[in-house]
Amino acid sequence: MTNHYIDLKNSDVILIMGSNAAEHHPLAFKWILRAKENGARIIHVDPRYTRTSARCDYHVPIRSGTDIAFLGGMINYIINDQKYFRDYVVNYTNASFLVSPDFSFKDGLFSGYDAEKRKYNKDTWTFQMDANGVPLKDPSLQDPHSVFQHLKRHYARYTLDKVSSITGVSKENLLKVYEEYSATGAPDKAGTECYALGWTHHTSGSQNIRTMAIIQLLLGNMGIAGGGINALRGEPNVQGSTDHCILYGNLPGYLKMPTASLDTLGRYLDKYTPKSNDPQSANYYQNYPSFFVSWLKSLYGDAATPENGFGYSWLPKMDDGKHYSQLHLFEKMYEGRIKGLFAVGTDPAVSSPNSNKTRKALEKLDWLVCSNIFDNETASFWFGPGVDPKQVKTEVFLLPAAATMEKEGSQSNSGRWVQWKYKAATPPGDAISCGDIQIRMMDAVKALYAKEGGPNAESILNLKWDYKDRQGNMDVLKVARQINGHWEADVEVVENGAKKIVKKGGLVPTFGMLKSDGTTSCGNWIMSGSFGADGENKMTRRGKDDPTGLGLYPNWSFAWPVNRRVIYNRASCDINGKPYNPNRKLLEWTGEKWVGDVPDGPWPPMADKEKGKYPFIMKADGVGSIFGPGMVDGPFPEHYEPLEGPLDHNPLSGQLINPAIEIFSGESDQVHNASEKFPYVCTTYSCTEHWCSGALTRWQAWLLEMQPEAYVEIGEALAQELGIFNGSKVRVSSARGKTTCVAMVTKRFTPFTVEGRTVHQVGMPFNYGWLYPEDGGDSANILTTTVGDANTFCPEYKAFMVNITRL
Amino acid sequence: MEKTEYVKLIDTTKCTACRGCQVACKQWNEMPALRTRNLGSYQNPPDLQWNTWTLIRFQEYANKNGDFKWLFRKDGCMHCTEAACIKVCPSGALYHTEFGTVGINQKLCIGCKACVSACPFDVPRFNQETEKVYKCDLCYDRLKDGQQPACVLSCPTGALTIGTKEAMIETAYQRLDQLDGKGVVYGDKFVGGTHVMYILSEDPAVYDKLPVKPRVPASVILWKNLFKPFTLIGMGAVAGMAALHYLIKGPHEVHENKQGGE
């Protein structure tokens with residue numbers, strides 16, 4: 001979240017799209033209800049009427065996978081009806097920047113497309129520069145090369161008729177949402193968007209979010225109380241795990257994983273340290289080398305020296321152009337190229353797409369180590385449905401792990417609040433925390449390397465690995481302090497204008513003090529400042545004071561970065577630092593300093609041409625990106641159909657599917673577009689009563705009692721057509737597999753009219769598995785496709801095609 | 001003992017049907033789950049049971065304009081002031097607590113099921129195995145200890161609140177104002193006032209299993225006034241009642257489906 005959960009109460013209009021907030025964020029939802037009590041309008045756009053819809057002002061059904069069309073139509077509306085916040089757009093976004101004249105967009109393709117590689121060369125996705133290398137701008141927004149005019153032309157194609165025909169949303173409903181939401185373009189109004197996996201689980205998932213980011217920038221909703229783009233992240237500490245690099249392309253704090261061609265530290269830093277020649281751009285990421293070198297120091301300690309590039313060469317490197325997402329891992333496993341797998345706290349046999357392929361891939365492994373609090377379908381794959389245990393060579397280990405309540409540590413919520421929690425109970429039997437499992441394992445690996453050596457042994461042997469207490473167990477505070485960062489030498493620093501000497505081993509108080517010369521170490525720069533220099537663990541703070549009255553609670557836990565509660569908060573003020581909305585004053589420039597939230601940097605507002613800075617300090621240009629060349633699939637989001645959908649054409653262009661996605665085309669990856677065999681759009685989800693794959697909750701009798709078995713939700717019209725009764729057993733099949741479950745016939749799914757014909761959509765929870773309960777059905781992922789978002793490879797769980805037959 | 005009447009207010013306009021209350025109730029009262037099946041609804045168990053004292057009812061409803069709503073109603077004991085169950089209970093198992101709520105003492109329950117047929121809300125449930133009746137006691141043990149009932153404590157949205165009767169009635173009508181009158185306060189106008197009240201978004205007649213004008217059945221009034229006094233003379237009379245019950249209704253029939261382990 002750019003903002004935080006409590007801040008939802010400050011909103012005037014909340015658009016919930018790509019999220020079933022009430023069912024999956026039941027606690028957070030109270031802040032949405034609080035906004036409603038304060039008079040806010042709450043809109044839910046979703047294929048299915050859910051428990052969220054029930055508490056919103058209204059629900060608008062939309063066909064799965066057409067969010068960009070819906071939102072593109074809103075951009076068109078905002079521009080045509082001049083609903084945008086002009087001052088904000090001109091000053092705080094790149095709308096006025098002039099794009100290279102070589103940039104173009106034709107028939108669904110941006111310039112630079114290589115059809116063979118399914119990849120763009122982005123050389124033309126650039127800005128025109130002046131003699132000093134600063135982007136050329138046209139503040140009148142009239143220049144035909146300006147981002148604004150490109151935007152206008154791009155989305156002029158997203159007419160009400162066109163959007164309605166693609167999405168299946170009536171024109172009345174489209175207009176109703178567009179009007180209500182774009183009213184937040186007024187300077188004193190705030191609109192926010194809550195999304196979750198309903199947006200990310202698509203081949204254009206990242207671009208779904210980008211489209212909304214553009215809308216938020218046009219309406220001046222970024223950086224303000226009650227605004228922002230708010231990813232509702234889950235209880236499984238998703239925020240914390242991404243902050244600490246669960247994704248293959250990241251290192252802690254969203255630093256980049258190096259690739260083979262970046263063979264020296266210098267080349268690596270050169271590539272990832274952004275440059276700006278604009279003196280008013282803070283370009284805060286210019287400090288990238290400090291963050292990265294400090295991270296290397298945390299990894300290799302004293303072994304990391306300036307002479308050896310701080311151990312950069314010991315890091316494993318990704319092959320250039322290769323990807324290592326879960327999709328790719330299972331692809332390689334299926335091909336027999338990966339021999340061993342650690343599945344820690346995860347149940348991919350249920351949660352990964354195309355389960356038949358995933359489960360088959362597990363059979364190709366030599367060994368599999370699972371670590372979980374219960375047995376699950378992954379650890380027991382070798383006696384799963386249709387598997388002959390005698391034929392499976394994989395050696396499986398199941399390590400009993402401690403549950404979350406059985407260990408101390410930090411947990412990060414979606415609002416980036418990193419909250420410390422304590423151990424509530426001792427884990428049963430032999431169970432120990434996952435951290436302890438890793439430590440014991442790494443101890444053994446290090447000992448083996450010390451004895452026998454091996455390839456790249458230095459990376460193992462030089463690893464700083466002193467995270468144990470006197471009993472030999474993981475010392476979680478030692479880990480947390482290392483994440484915060486230490487001084488690695490006695491250094492003279494300036495604090496509050498006064499010079500002082502800090503001692504080696506002391507805690508670094510904030511990432512602003514990290515250095516690229518090896519005098520600091522920091523395990524994750526965004527977490528630097530989670531401890532005070534005096535040793536205070538700020539994550540344990542529980543102060544309830546709320547000086548702004550906006551619910552920032554600055555003394556409750558620690559929020560990264562530097563306890564800032566709303567990111568880009570300087571954009572809540574005009575160029576002189578006066579709040580756009582004096583009634584929801586997040587920040588104000590007094591003439592000497594900012595007062596309110598922790599500001600996005602101390603510099604004066606940008607009207608001060610000498611010392612002032614633009615508000616979007618993490619962007620190289622200092623402004624919000626309406627034109628976003630960082631994406632692999634286009635600087636403007638464009639609607640493409642899901643990999644597998646009901647149409648044989650894209651009503652907007654000649655490109656049926658996202659041209660930049662990777663196609664997995666093995667025998668187990670059949671795809672049937674616009675097929676009579678699989679005529680119904682299907683989406684998958686979880687339910688309130690189960691958690692993720694259900695691997696933990698299906699064993700809980702009270703929860704299982706409420707949601708006992710797999711079901712498919714079917715609209716009344718389709719059920720009638722198919723002769724299916726509520727509660728009867730049905731078979732749901734796709735080109736990749738089939739499963740049986742209970743039909744839940746409901747008014748909450750209604751048919752769509754798409755390109756002049758009726759399209760039915762159904763939906764299934766994925767959180768069931770064959771292992772337990774025995775007669776509870778299996779995962780809906782038996783039906784899903786192996787394909788991911790072009791930028792992130794997040795699988796397309798939310799749109800594919802099925803057939804349904806009565807049993 | 002000084003009597004402070006408490007009312008639990010169920011604001012259905014804030015309920016997201018997360019069913020935290022349903023689980024919290026089972027946890028606090030140590031009630032087992034039974035193995036259920038999906039019968040085509042989120043509502044599960046399908047009805048109140050001896051081991052399920054509160055339940056979210058899920059109801060798909062389209063009004064006469066065709067506007068669709070998914071209604072959630074937390075069902076359970078309403079804790080009536082004029083409580084039919086107390087009136088018919090021959091053994092004193094059911095009683096009014098100092099909070100005005102209806103307590104139940106299973107030790108005294110003789111399993112006559114008179115309360116089951118008397119309750120205008122169809123709340124008390126009989127367990128074949130223990131031959132006793134079960135229902136919500138609004139967490140009497142917690143109330144006595146100054147704690148909120150488990151369901152209220154678990155509610156994430158503020159749909160469930162509890163307070164003194166006067167305060168909650170006031171809160172209910174204030175909320176109605178906030179909803180621009182688009183709602184109904186339910187519970188203060190019948191059976192002497194219930195100690196569980198609703199704010200409903202629709203007319204009460206719309207809701208499944210919710211009586212529009214609940215009242216103590218006439219037979220219960222007759223029973224209470226004419227016959228019950230004689231039955232409380234002693235245990236012999238209780239046994240007599242059981243015999244009478246046997247003569248009228250016959251032996252217990254097993255009509256609950258016993259499924260799964262408890």
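In chain A, 71% of the contacts with a separation of 6 or more are made by residues 24 or more positions apart. This and every other value below comes from a predicted model. In chain A, 52% of the 807 residues count as buried, and the secondary structure comprises 21 helices and 31 strands. The C-alpha trace of this chain spans about 80 × 70 × 55 Å along its principal axes. Its radius of gyration is 26 Å, which agrees with the value near 28 Å that a compact globule of 807 residues would have.

Chain B can be described in the same terms. Of its 262 residues, 42% count as buried, and its secondary structure comes to 8 helices and 10 strands. Among the contacts in chain B between residues at least 6 apart in sequence, 62% join residues at least 24 apart.

The two chains meet in a contact that takes 32 residues from chain A and 29 residues from chain B. On the side of chain B that touches chain A, the elements giving two or more residues are helix H1 (20–29), strand S2 (55–62) and strand S3 (68–75) of chain B. The largest share of that side, 4 residues, is contributed by S3(B). Sorted by class, the side of chain B that touches chain A holds 12 nonpolar, 10 polar and 7 charged residues.

Within chain A, the domain assignment gives domain 1 (5–234), domain 2 (262–311 + 473–534) and domain 3 (680–806). The centres of domain 1 and domain 3 of chain A, taken over C-alpha atoms, are separated by 28 Å. Between these two domains, 22 residues of domain 1 are in contact with 28 residues of domain 3. Helices H1 (21–24), H7 (160–167), H9 (197–200) and H10 (205–218) of chain A are the elements that give two or more residues to the side of domain 1 that touches domain 3. By class, that side of domain 1 has 5 nonpolar, 14 polar and 3 charged residues.

In helix H6 (residues 147–156) of chain A, the buried residues are Val147(A), Phe148(A), His150(A), Leu151(A) and Tyr155(A). Seen down the axis of H6(A), these buried residues fall within an arc of 160°, so they line one face of the helix. The partner of the buried residues of H6(A) is helix H4 (67–80) of chain A, against which they pack.

Strand pairing can be followed from one hairpin to a further strand. Strand S15 (residues 409–412) and strand S16 (residues 417–421) of chain A run antiparallel and are joined by 4 bridges. Within this pair, Gly409(A) stands opposite Lys421(A) in S16(A). The two strands form a hairpin with 4 residues between them, and Arg416(A) in the turn has a positive phi of about 70°. S16(A) is also joined by 2 bridges to strand S21 (residues 558–559) of chain A, again in the antiparallel sense. Here Trp417(A) stands opposite Ala559(A) in S21(A).

S18(A) pairs with strand S19 (residues 498–502) of chain A in the antiparallel sense over 5 bridges, and Val493(A) stands opposite Lys500(A) in S19(A). This hairpin has 2 residues between the strands, and in it Asn496(A) takes a positive phi near 50°.

Finally, one loop residue of chain A deserves a word. Glu335(A) sits in the loop between helix H14 (326–334) and strand S12 (340–344) of chain A. With 11 other C-beta atoms within 10 Å, Glu335(A) is exposed, because a residue with 12 or fewer such neighbours falls in that class. The C-alpha atoms of Glu335(A) and Lys613(A) are separated by 52 Å, the two residues being 278 residues apart along the chain.

Note on methods
Residues numbered from 1 in each chain as written. Chains lettered and ligands numbered in written order. Predicted model: local features only at pLDDT ≥ 70, side-chain atom pairs only at ≥ 80, totals over all residues. Buried ≥ 20, exposed ≤ 12 C-beta atoms within 10 Å, placed from the backbone. Arc of directions from axis to C-beta. Contact = placed C-beta atoms within 7 Å. Nonpolar A, V, L, I, M, F, W, Y, C, P; charged D, E, K, R; others polar. Domains from an automatic or database assignment. Pairing = 2+ DSSP bridges. Rg over C-alpha atoms; globule rule 2.2 N^0.38 Å.
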